[in-house]
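I opened this notebook to record what I looked up in one model. The entries follow the order in which I consulted the structure.

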Amino acid sequence: GYSVLIYQYAKHRPKGYRAKLPLLFLPMLAFLSISAAPFANGDISQATRELMLLNPNYRNLEIGLLFAVTAYLAHILSLAKKRFSWRKEWPFQLGVALVLGYLFYSDPLFIYVLGGGVVITSFYLWVRNFQNLRPLLSIILPVLGALLIATFVGYVMPKIGFTSYDNISKNFTSFSRIDTNILNTIEGVLLNYRADIWSMPFGKSVLKPLFNTGLAILFFTSITAVLYYWRTSRTKTSDYALLLLAAMTLMNLAAYGLSTQGDALIFHRYVYVATVTAIPLAGAFLVYLYEKSSFRRIFYTTVIVLIAGFIANTALTMQVALKNPSEKPNAFTYDLINFAEKRGLSKGYGNYWDSIPATYFTKSNLNVLPIYCNDIKPQKRIFLINTTDYNKTSDSSFLIYQHGNPDFSCLKQDPYGDAVDTHQLPGGYTIYEYDYDILRRME
């Protein structure tokens, strides 16, 4: 996805620009080393792994699609001064609408980030006297089509028992929390770059978060540079992709800062889109510094920071990985499956992230369903889950409890006081076993 985006950006630049393509990939290389690295304290626990953008997870698929879709939308805008053919473009329009419909349904964040970014970009170009309105309309239509598709899927899926997230409006934070959310947004960005300088250790590893902080500064300086450039210059075809990405980056920061997710720093992963969409902006800004002879010293300093940060992050990752060769992702999931098989249990409850993998890996032979604390008692968590699984009968059940997990803030011990047995699993997990289905105590 990133390569497609860079190709779309570079093909409209002068021929000599292609020789500078390695500079566009240098920030991505540095970022990959960051996303694979543990935090400053060397922690590479399961919780840390879940935040690694380099992990083979669903979020990487979303980001790759985001880059590819942005490249296509920039391509549409580049046709403004050429003959625009609806007959040639409608298959691509439909494909983009389907991709965006999938993103909008599975992750509401993209409604704000990508949809909002496209709308803001279109409005800005219209105000700047963009002469051909058809390309503007053609990048808005897939977004509108995606909203219709996501709405339709959201209507149909509950009919067959599969419920996604609903009532998005309740995610907006209160006005009194705005100042706190702004600070959390800034800290969240730094944490995503592993620039956690407030927990910075002394010694050799002090350099890693310092380099990562420099990288974060580079990325977000590039956003400012892109916006300033567009304010003071005429529209250029090659920069439509950058403008779209800048708008999406700002929309993600705003969506996080104005949402209840921004109320707590623990959810800093929700600024991951802004963290990644700034990468090509940083690459373009790096080339700009190289092309301006008066900025050559800044350019060489920046390149040194990127390379040094890459080396520092890679070295720390290798060091920690060698110390923890036996640690594997999803270790708790397999421990839980083995435990349930030995005890003859087929139904249980736990937090969202511990529940879904166990159900998936056993092909629903073991149903572990997500719950969370609502004020003083646990209840169902209806989010991207087959709700009919809750109704499957069972003569026994178990509850997964992990001390310090915010999903179980209302639990201090066995919540119902009648567990027939208690078990301990690695990772600080306590399993309470019951001789009945505890779902009826939640309802």
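In which helix is the place of Leu137? I find Leu137 in helix 7; helices (H or I, at least four residues) and strands (E, at least two) are DSSP runs, numbered from the N terminus.

Entry on conventions. I note that this is a predicted model, in which local features need pLDDT of at least 70 and side-chain atom pairs count only at pLDDT 80 or more, while totals for chains, interfaces and linings use all residues. Residues are numbered from 1 along each chain as its sequence is written, and side-chain values use heavy atoms, with hydrogens and water left out.

I looked up a nonpolar surface patch of about 410 Å², made by Trp86, Leu137, Leu141, Leu144 and Leu147. Patches are made of residues with over 30% relative accessible area and no salt bridge, like charges being joined within 9 Å and nonpolar side chains (Val, Leu, Ile, Met, Phe, Trp, Tyr) within 5 Å. Accessible areas come from the Shrake-Rupley method with a 1.4 Å probe, and for residues only the protein chains shown count as cover. Helix 7 (residues 133-156) gives the most to this patch, with four residues. Leu137 has 43% relative accessibility and counts as partly exposed; buried means under 20% relative accessible area, exposed over 50%, and partly exposed in between (1.4 Å probe, protein chains only).

Entry on the core. I recorded 78 residues in the largest nonpolar core, a core being a set of buried Ala, Val, Leu, Ile, Met, Phe, Trp, Tyr and Cys residues joined through side-chain atoms within 4.5 Å. Helix 11 (residues 272-291) supplies the largest share of this core, 13 residues. Among the residues with the most contacts inside the core are Phe67, Leu100, Tyr193 and Phe219. Leaving aside neighbours within four places in sequence, I find Tyr193 in contact (heavy atoms within 4.5 Å) with residues including Phe31, Ile34, Phe219 and Thr275.

Entry on strand 8. Why is strand 8 largely enclosed by the rest of the structure? Six of the six residues of strand 8 (residues 429-434) are buried, so I regard the strand as largely enclosed. Tyr429, Ile431 and Glu433 cover one side, and Thr430, Tyr432 and Tyr434 the other. Strand 8 pairs in the antiparallel sense with strand 6 (residues 397-402) over six bridges and with strand 7 (residues 421-425) over five bridges; two strands pair if DSSP finds at least two bridges between them. Tyr429 is the bridge partner of Gln402 and also stands opposite Leu425. In the hairpin of strand 7 and strand 8, with three residues between the strands, Gly427 takes a positive phi near 100 degrees.

Entry on charges. I counted six salt bridges, each a side-chain nitrogen of Lys or Arg within 4 Å of a carboxyl oxygen of Asp or Glu. One of them joins Glu291 and Lys20 (3.0 Å, N to O). This pair links Glu291 in helix 11 with Lys20 in the loop between helix 1 (2-10) and helix 2 (21-36), 271 residues apart.

I then looked up the network of salt bridges that links Arg343, Asp421 and Glu433. Asp421 and Arg343 have their closest N and O atoms 3.4 Å apart. Asp421 lies in strand 7 and Arg343 in helix 13 (residues 331-343), so this pair ties together parts 78 residues apart in sequence. Glu433 meets Arg343 at 2.9 Å, N to O. Glu433 is buried at 8% relative accessible area, whereas Arg343 is partly exposed at 38% relative accessibility.
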